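Let's take a walk through this one together. Have the sequence and the model open side by side as you read.

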Amino acid sequence: MEGGNSPDLQLQQLPPTMAAVSMFPHEDPYSYKENLIGALLAIFGHLVISIALNLQKYSHVRLAGSKDPRAYFRTKTWWCGLFLLLLGELGVFSSYAFAPLSLIVPLSAVSVIASAIIGIIFIKEKWKPKDFLRRYVLSFIGCGLAVVGTYLLITFGPNSHERMTGENITKHLVSWPFLLYMLVEIILFCLLLYFYKMKKANYIVVILLLVALLGSMTVVTVKAVAGMIVVSIQGSLQLGYPIFYIMLVCMVATAVFQATFLTQASQLYDSSQIASIGYILSTATAISAGATFYLDFTGEDVLHICMFALGCLIAFLGVFLITRNKKKSIPFEPYISMDAMPGMQNMHDKGIAVQPDLKASFSYGALENNDTMSEIYTPATLPIEQEEHGSKGVAALPYRVLEHSKKE
């Protein structure tokens with residue numbers, strides 16, 4: 001009897017929690033709690049950033065439409081926006097220390113949703129209900145899809161957690177999957193940079209892909225720096241490791257170059273195109289970097305990975321529909337219309353060449369000739385006078401300037 005019960009007694013002495021953790025490593029409630037904290041911090045940060053940017057934009061627009069001689073940085077609205085911007089960036093930065101990288105990056109769609117809702121709420125034009133629905137139906141559908149995608153991302157996101165210590169980060173940095181990924185990314189970045197700088201390939205996909213490749217390294221270093229700071233606050237000091245300062249320098253450098261390429265893209269293309277294409281490319285490359293460096297999807301089942309990918313696709317579609325509905329910028333038109341000048345055809349007429357009439361005099365200094373004006377204010381003209389070419393093969397001037405006296 002005692003020999004038969006000895007195996008049962010041995011099994012009862014095993015710690016049940018250790019057995020559960022070894023068999024189901026992703027059902028630790030504390031890890032899900034960390035995921036929820038990181039997701040909430042990211043959503044809060046992106047929401048506050050969107051409000052801050054709209055406040056600063058409102059400050060600029062308000063000063064431009066008034067006779068207030070103050071600069072924008074002397075207004076309370078602009079400083080309030082700056083404070084909220086720093087608070088939002090701090091929230092997003094802190095979120096990387098709690099949740100996996102592949103979960104935090106796609107949540108930047110929240111800022112696009114918030115910007116769309118704020119733009120609709122603070123619109124100054126009055127629309128009829130039918131016109132309003134027709135104008136913003138794509139925005140409503142896009143916001144709904146983005147919300148559904150965000151829910152799927154949080155629910156089926158990766159649940160891998162690791163203490164961001166100097167040893168762990170160094171181990172990931174020299175692992176062969178990440179070294180291979182870095183080699184491919186460096187080659188691709190150099191090729192894109194060559195075509196962009198040397199071949200003048202100023203395509204929006206080329207510029208934003210450069211931004212996305214830099215951004216993938218930015219988020220990897222941000223998670224490392226934020227995680228080591230949080231671990232140091234918890235009691236285990238990590239600031240003495242050289243890898244911390246290497247990651248800090250890489251974070252600042254990649255962020256600066258990323259902002260440079262974004263500025264160049266904003267000078268060539270519309271902001272709505274940059275927002276949608278940039279979000280898709282940056283999210284895809286950042287998830288790839290997180291899966292390679294931090295091994296975010298290690299141990300995840302196929303269902304969770306497929307649902308997470310579906311959430312990303314739905315969020316991509318939602319952001320695309322939201323930005324698709326933005327108004328396109330009106331091209332600049334000169335204050336003086338060219339068709340008001342004598343001898344100039346209408347530039348907006350189809351089928352008519354934009355060419356001055358050679359038989360008429362081309363006037364400068366006034367929009368039209370007025371014979372009733374005083375002779376003093378009569379503008380000088382340039383009459384066209386055709387001359388034959390010289391016999392020696394030297395072409396004469398096709399016109400000559402005639403000086404008009406006051407009597408003429």
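Are Phe-178 and Phe-293 buried or exposed? Both Phe-178 and Phe-293 are buried in this predicted model.

**Aromatic pairs**

There are nine aromatic pairs in total. The pair of Phe-178 and Phe-293 is edge-to-face, because the ring centres sit 4.6 Å apart and the planes meet at 80°.

Tyr-279 and Phe-316 make another edge-to-face pair, at 5.5 Å from centre to centre and 85° between the planes. This pair, too, links distant parts of the chain, since Tyr-279 is in helix H12 and Phe-316 is in helix H13 (residues 302–324), 37 residues apart. Tyr-279 has a relative accessibility of 7%, so Tyr-279 counts as buried. Phe-316 is buried as well, its relative accessible area being 14%.

Back at Phe-178, ring pairs tie Phe-178, Tyr-181, Phe-293 and Tyr-294 into a cluster. Tyr-294 also has a charged neighbour: Lys-223 lies over the face of the Tyr-294 ring, 5.7 Å from its centre.

**The core and helix H10**

Which residues have the most contacts inside the largest nonpolar core? They are Tyr-96, Leu-101, Ile-169, Met-247, Phe-293 and Tyr-294, in a core of 34 residues. Helices H3 (29–64), H4, H5 (101–104), H9, H10, H11 (242–268) and H12 each put in at least two residues. H10 gives the most, with seven.

Leaving aside residues up to four places away in sequence, Phe-293 touches Ile-169, His-172, Leu-173, Phe-178, Val-220 and Met-247.

As for H10 itself, this helix covers residues 204–233, and its 30 residues should span 44 Å at 1.5 Å a residue. The end C-alpha atoms are 42 Å apart, which agrees with that expectation. Of those 30 residues, 26 are buried, so H10 is largely enclosed by the rest of the structure. After H10 comes Gly-235, with a positive phi near 130°.

**Away from the buried parts**

| Residue | Relative accessibility | Class |
|---|---|---|
| Cys-190 | 45% | partly exposed |
| Cys-306 | 46% | partly exposed |
| Leu-86 | 56% | exposed |
| Arg-324 | 60% | exposed |

How many disulfides does the model have? The count comes to zero.

Leu-86 sits in helix H4 (residues 76–95). Its C-alpha is 8.9 Å from that of Ala-52, although 34 residues separate Leu-86 and Ala-52 in sequence. Arg-324, for its part, is found in helix H13. Arg-324 and Ser-276 are 48 residues apart along the chain and 8.3 Å apart in space, C-alpha to C-alpha.

How values were computed:
Residues are numbered from 1 along each chain as its sequence is written. This is a predicted model: local features need pLDDT of at least 70, side-chain atom pairs count only at pLDDT 80 or more; totals for chains, interfaces and linings use all residues. Side-chain values use heavy atoms; hydrogens and water are left out. Helices (H or I, at least four residues) and strands (E, at least two) are DSSP runs, numbered from the N terminus. The expected span of a helix is 1.5 Å times one less than its number of residues. Buried means under 20% relative accessible area, exposed over 50%, partly exposed in between (1.4 Å probe, protein chains only). Rings of Phe, Tyr and Trp (its six-membered ring) pair if their centres lie within 6.5 Å; planes under 30 degrees apart count as stacked, over 60 as edge-to-face and the rest as tilted. A charge sits over a ring if NZ of Lys or CZ of Arg is within 6 Å of the ring centre and within 35 degrees of the ring normal. A disulfide is a pair of cysteine sulfur atoms within 2.5 Å. A nonpolar core is a set of buried Ala, Val, Leu, Ile, Met, Phe, Trp, Tyr and Cys residues joined through side-chain atoms within 4.5 Å. Contact means heavy atoms within 4.5 Å.
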